[in-house]
Amino acid sequence: VNGGFFEPALSTGISAQASWRIYDFGQTRANIRAAEASAAASDAALPTTMLDITSTVTAAYLDAVARARLVASAEATVLSEEAHLDQARRFVAAQAKDPIEVVQAQARAANARSALAQAQSDAAVALANLRAAIGAVDVTDDFSVDTAWPTLPTDAPPTLATLVASARQHRPEIVQLDRQIAASNASLNAARAERRPVLNAQAQTQWNPGSSDWSPQPSWSAGLTLSWQFLDGGRAAADISVANANVASAMAQRDGLLISLQVQLESARAQIVAATVNVTASTEAVTAAQAQLKLANARYTAGLGSQIELADAQTAVTKAEGNLINAQ
């Protein structure tokens with residue numbers, strides 16, 4: 001265009017800028033500590049899971065052993081009742097007993113076989129539960145348990161105070177909650193540090209060549225900036241309130257666990273003491289019931305006893321053996 005009102009021009013530009021936070025008066029350090037404490041609290045959850053798995057597997061294994069021993073007891077009862085049925089048939093054939101005794105013996109033998117079938121079913125379910133507890137997924141594998149009990153404790157359990165002190169030191173749930181409290185306190189410190197000033201360093205360079213000058217010198221600038229946010233709409237105050245609530249929640253959970261832990265330990269200790277006494281008493285009861293059954297068999301063989309006496313003696317043996325297994 002004539003007159004120079006529009007004059008074509010060509011320009012370009014290249015710039016680079018860098019910023020570096022020099023010091024933030026502990027904000028970053030507080031956030032790092034909070035993150036590390038949270039990670040430590042999360043890591044502490046793994047031993048709790050391992051303890052739960054161990055407890056579940058142990059209980060499943062002991063249940064499987066108990067069910068297998070109850071099957072053995074039921075099998076012995078079936079053999080005993082079938083022997084009584086054979087005796088009754090021979091007595092009736094010799095016209096030494098009333099025929100009703102054969103019917104009574106048949107009923108008891110049938111009941112014994114039914115109890116054996118139920119015991120076998122319960123044992124199969126216990127093995128299935130044990131498979132699930134240990135993660136055995138291949139159902140084609142032959143799977144059984146040793147019917148011998150693990151070594152039973154012979155010493156009395158420690159005092160309740162000793163157990164509580166040990167649990168507070170070693171239970172992973174308490175360790176996890178202690179670390180959670182530390183993480184919550186670290187988050188609280190980080191929230192309080194949000195309002196602190198930040199010192200930044202900036203550096204910038206720029207080069208803008210154009211059609212009028214293709215060889216200008218680049219420009220450089222650098223500086224320090226101290227920024228401090230005076231008003232954040234209540235965000236920092238809200239973060240502090242949330243952090244305080246998290247600290248109180250973690251402490252309440254730990255205190256609640258300590259209270260329930262003492263109750264659990266007291267109950268478990270009492271059960272161990274009672275079960276230990278029960279094992280001794282049940283062992284004596286089994287011995288006495290077996291002696292009574294032996295005498296009842298001898299009396300019936302001699303023609304002096306009755307099916308009722310035999311039935312009572314056999315029931316006493318089966319019940320005593322079941323009580324012993326439960327106590328063990």
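Predicted model: local features only at pLDDT ≥ 70, side-chain atom pairs only at ≥ 80, totals over all residues.
Modeller: Residues are numbered from 1 along each chain as its sequence is written, and side-chain values use heavy atoms, with hydrogens and water left out.

Colleague: Why is E173 called buried?

Modeller: Buried means under 20% relative accessible area, with a 1.4 Å probe and protein chains only. E173 has 15%, so E173 is buried.

Colleague: What makes the pair E173 and R171 a polar contact?

Modeller: A polar contact is a pair of N or O atoms within 3.5 Å, where one must be able to donate a hydrogen and the other to accept it. The side chains of E173 and R171 make theirs at 2.8 Å.

Colleague: Which residues does E173 touch, not counting residues up to four places away in sequence?

Modeller: T48, L51 and L257. Contact means heavy atoms within 4.5 Å.

Colleague: How do you know that α7 reaches close to its expected span?

Modeller: The expected span is 1.5 Å times one less than the number of residues. α7 has 21 residues, and 30 Å is expected. From first C-alpha to last, α7 reaches 30 Å.

Colleague: What do the buried residues of α7 pack against?

Modeller: They pack against α2, α3 and α6. Among these buried residues are L310, V317 and L324.

Definitions and conventions: Helix = DSSP H or I, 4+ residues; strand = E, 2+ residues; numbered from the N terminus. Buried < 20%, exposed > 50% of the residue type's maximum accessible area, 1.4 Å probe, protein only.
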